[in-house]
Amino acid sequence: MNESKKNVGRASPTRGDLSGRRFGKLEVICRSDKRGSRGARTVPLWECRCDCGNTVYKATDTLNRSPNSMCSACAADYASSQMRAAAGYVDGTQISRIKSEHLIASNTSGARGVYKDRVTGKWRARLKFKGKLMDFGTYTDFEDAVRARKEAEQTYYGEFLDSLPSE
Ligand SMILES: [Zn+2]
(Lines give C-alpha, C1' and ligand atoms only; values in the text may rest on other atoms or scores of the structure.)
Protein backbone atom coordinates (compact mmCIF):
# COMPACT_ATOMS: atom_id res chain seq x y z
CA MET A 1 0.00 0.00 0.00
CA ASN A 2 2.73 2.46 1.00
CA GLU A 3 4.77 1.35 -1.99
CA SER A 4 2.18 2.51 -4.49
CA LYS A 5 1.34 5.62 -2.50
CA LYS A 6 4.88 6.82 -2.83
CA ASN A 7 4.50 6.63 -6.60
CA VAL A 8 1.39 8.77 -6.76
CA GLY A 9 2.07 12.28 -7.88
CA ARG A 10 4.40 13.93 -10.32
CA ALA A 11 6.80 12.57 -12.86
CA SER A 12 8.45 9.42 -11.69
CA PRO A 13 12.02 9.80 -10.50
CA THR A 14 12.91 6.43 -11.98
CA ARG A 15 13.30 7.55 -15.54
CA GLY A 16 10.03 7.17 -17.37
CA ASP A 17 8.77 4.07 -15.60
CA LEU A 18 5.12 4.59 -14.76
CA SER A 19 4.47 1.08 -13.40
CA GLY A 20 2.40 1.25 -10.25
CA ARG A 21 1.51 4.89 -10.81
CA ARG A 22 -2.10 5.98 -10.65
CA PHE A 23 -3.77 8.49 -12.92
CA GLY A 24 -7.39 9.04 -11.94
CA LYS A 25 -9.12 5.69 -12.25
CA LEU A 26 -6.20 4.14 -14.09
CA GLU A 27 -3.42 2.21 -12.48
CA VAL A 28 -0.40 1.55 -14.66
CA ILE A 29 0.37 -2.15 -14.69
CA CYS A 30 3.37 -2.34 -16.99
CA ARG A 31 4.86 -1.17 -20.21
CA SER A 32 3.16 -3.04 -23.03
CA ASP A 33 4.61 -3.97 -26.39
CA LYS A 34 1.97 -1.83 -28.09
CA ARG A 35 2.92 1.52 -29.57
CA GLY A 36 0.88 4.62 -30.18
CA SER A 37 1.59 7.06 -32.98
CA ARG A 38 2.62 10.65 -32.47
CA GLY A 39 2.82 12.04 -35.95
CA ALA A 40 5.62 10.23 -37.74
CA ARG A 41 7.02 8.52 -34.68
CA THR A 42 5.65 6.01 -32.24
CA VAL A 43 5.63 6.01 -28.47
CA PRO A 44 5.35 3.11 -26.05
CA LEU A 45 1.97 2.46 -24.48
CA TRP A 46 1.41 1.52 -20.88
CA GLU A 47 -1.01 -1.20 -19.95
CA CYS A 48 -3.38 0.35 -17.43
CA ARG A 49 -6.19 -1.14 -15.42
CA CYS A 50 -9.24 1.01 -14.82
CA ASP A 51 -11.04 0.80 -11.49
CA CYS A 52 -13.96 -0.78 -13.36
CA GLY A 53 -11.72 -3.63 -14.47
CA ASN A 54 -11.19 -2.61 -18.09
CA THR A 55 -7.70 -2.65 -19.53
CA VAL A 56 -6.58 0.30 -21.62
CA TYR A 57 -3.32 1.34 -23.27
CA LYS A 58 -2.09 4.87 -22.81
CA ALA A 59 1.03 6.80 -23.72
CA THR A 60 3.05 8.66 -21.11
CA ASP A 61 2.10 12.08 -22.45
CA THR A 62 -1.62 11.22 -22.39
CA LEU A 63 -1.41 10.02 -18.79
CA ASN A 64 0.59 13.03 -17.64
CA ARG A 65 -1.82 15.37 -19.35
CA SER A 66 -4.96 13.92 -17.79
CA PRO A 67 -4.80 13.35 -14.04
CA ASN A 68 -8.43 12.16 -14.21
CA SER A 69 -7.79 9.38 -16.67
CA MET A 70 -10.33 6.61 -17.05
CA CYS A 71 -11.31 4.04 -19.65
CA SER A 72 -13.67 5.05 -22.44
CA ALA A 73 -16.62 3.21 -20.84
CA CYS A 74 -16.12 5.11 -17.59
CA ALA A 75 -15.61 8.34 -19.53
CA ALA A 76 -18.94 7.84 -21.29
CA ASP A 77 -20.64 7.12 -17.96
CA TYR A 78 -19.01 10.15 -16.44
CA ALA A 79 -20.02 12.41 -19.33
CA SER A 80 -23.64 11.35 -19.18
CA SER A 81 -23.77 11.69 -15.40
CA GLN A 82 -22.28 15.18 -15.74
CA MET A 83 -24.91 16.09 -18.29
CA ARG A 84 -27.66 14.76 -16.11
CA ALA A 85 -26.24 16.57 -13.11
CA ALA A 86 -26.16 19.77 -15.14
CA ALA A 87 -29.83 19.23 -15.95
CA GLY A 88 -30.51 18.69 -12.25
CA TYR A 89 -31.13 14.96 -12.43
CA VAL A 90 -30.18 12.56 -9.68
CA ASP A 91 -31.11 8.93 -9.92
CA GLY A 92 -33.60 9.63 -12.73
CA THR A 93 -35.40 12.38 -10.86
CA GLN A 94 -35.14 16.06 -11.65
CA ILE A 95 -34.23 17.71 -8.37
CA SER A 96 -35.21 21.26 -9.27
CA ARG A 97 -38.70 20.02 -10.07
CA ILE A 98 -39.02 18.09 -6.83
CA LYS A 99 -37.77 21.04 -4.85
CA SER A 100 -40.26 23.40 -6.44
CA GLU A 101 -43.12 20.91 -5.99
CA HIS A 102 -42.02 20.46 -2.43
CA LEU A 103 -42.23 24.18 -1.89
CA ILE A 104 -45.54 24.66 -3.63
CA ALA A 105 -47.14 21.76 -1.82
CA SER A 106 -45.94 23.09 1.52
CA ASN A 107 -47.65 26.42 1.04
CA THR A 108 -51.37 27.06 1.07
CA SER A 109 -52.33 26.19 -2.52
CA GLY A 110 -51.16 22.58 -2.15
CA ALA A 111 -53.12 21.32 -5.12
CA ARG A 112 -50.12 20.01 -7.01
CA GLY A 113 -50.59 16.34 -7.77
CA VAL A 114 -54.31 16.37 -7.05
CA TYR A 115 -56.60 15.70 -9.98
CA LYS A 116 -60.31 15.45 -10.47
CA ASP A 117 -61.33 12.11 -11.87
CA ARG A 118 -63.62 12.86 -14.79
CA VAL A 119 -65.52 9.59 -14.46
CA THR A 120 -66.23 9.56 -10.74
CA GLY A 121 -65.95 13.28 -10.09
CA LYS A 122 -63.70 12.47 -7.13
CA TRP A 123 -60.25 13.76 -6.30
CA ARG A 124 -57.20 11.65 -6.90
CA ALA A 125 -53.82 12.13 -5.30
CA ARG A 126 -50.87 11.22 -7.45
CA LEU A 127 -47.13 11.57 -7.24
CA LYS A 128 -44.47 11.12 -9.87
CA PHE A 129 -41.24 9.83 -8.46
CA LYS A 130 -38.20 8.45 -10.26
CA GLY A 131 -40.20 8.39 -13.46
CA LYS A 132 -43.05 6.39 -11.96
CA LEU A 133 -46.53 7.78 -11.47
CA MET A 134 -48.03 6.51 -8.24
CA ASP A 135 -51.60 6.68 -7.11
CA PHE A 136 -52.48 7.56 -3.54
CA GLY A 137 -56.20 7.06 -3.56
CA THR A 138 -59.47 8.67 -4.59
CA TYR A 139 -61.25 11.10 -2.29
CA THR A 140 -64.62 12.81 -2.24
CA ASP A 141 -63.08 15.64 -0.31
CA PHE A 142 -60.52 17.80 -2.07
CA GLU A 143 -58.73 18.44 1.22
CA ASP A 144 -58.33 14.73 1.85
CA ALA A 145 -56.71 14.27 -1.52
CA VAL A 146 -54.34 17.16 -0.82
CA ARG A 147 -53.46 15.62 2.52
CA ALA A 148 -52.81 12.22 0.93
CA ARG A 149 -50.58 13.82 -1.64
CA LYS A 150 -48.66 15.72 1.03
CA GLU A 151 -48.12 12.55 3.02
CA ALA A 152 -46.87 10.79 -0.08
CA GLU A 153 -44.50 13.69 -0.69
CA GLN A 154 -43.12 13.52 2.83
CA THR A 155 -42.55 9.80 2.42
CA TYR A 156 -40.97 9.84 -1.02
CA TYR A 157 -39.49 13.26 -1.56
CA GLY A 158 -38.52 13.82 2.04
CA GLU A 159 -36.34 10.76 2.22
CA PHE A 160 -35.00 11.37 -1.23
CA LEU A 161 -34.07 14.99 -0.54
CA ASP A 162 -32.47 14.00 2.75
CA SER A 163 -30.31 11.52 0.89
CA LEU A 164 -28.90 14.21 -1.41
CA PRO A 165 -25.69 16.04 -0.62
CA SER A 166 -26.50 19.55 0.57
CA GLU A 167 -25.65 22.32 -1.87
ZN1 LIG B 1 -13.36 2.15 -16.48
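## A tour of the strands and helices

Begin by selecting strand β2 together with strand β3 (residues 41–50), which pair in the antiparallel sense over nine bridges; strands here are DSSP runs of E of at least two residues, helices are runs of H or I of at least four residues, and both are numbered from the N terminus, while two strands count as paired if DSSP finds at least two bridges between them. The model is a predicted one, in which local features need pLDDT of at least 70 and side-chain atom pairs count only at pLDDT 80 or more, whereas totals for chains, interfaces and linings use all residues. Residues are numbered from 1 along each chain as its sequence is written.

Within this pair, Ser37 stands opposite Thr42 in β3.

Now select strand β1 (residues 22–23), which pairs with β2 (residues 26–38) in the antiparallel sense over two bridges; Arg22 has Glu27 of β2 as its bridge partner. These strands also form a hairpin with two residues between them, and Gly24 in its turn has a positive phi of about 65 degrees.

Go on to helix α3 (residues 72–86), whose 15 residues should span 21 Å at 1.5 Å a residue, which agrees with the 21 Å between its end C-alpha atoms; the expected span is 1.5 Å times one less than the number of residues. The helix is hardly covered, as the count of buried residues among its 15 residues is zero, a residue being buried if 20 or more other C-beta atoms, placed from the backbone, lie within 10 Å of its own. After α3, look for Gly88, whose phi is positive, near 85 degrees.

The next selection is an open sheet of three strands, in the order β7-β8-β9 and with antiparallel pairing. Because β7 (114–116) and β9 (132–139) stand at the edges, each with a single partner strand, one side of each is left without a neighbour in the sheet. Between β7 and strand β8 (residues 123–129) there are three bridges, and Val114 has Ala125 in β8 as its bridge partner.

Six bridges join β8 to β9, with Leu127 opposite Met134 in β9. Finish at the turn of the β8 and β9 hairpin, which has two residues between the strands and in which Lys130 has a positive phi of about 50 degrees.

How values were computed: A residue is buried if 20 or more other C-beta atoms lie within 10 Å of its own, exposed if 12 or fewer, and partly exposed in between; C-beta atoms are placed from the backbone.
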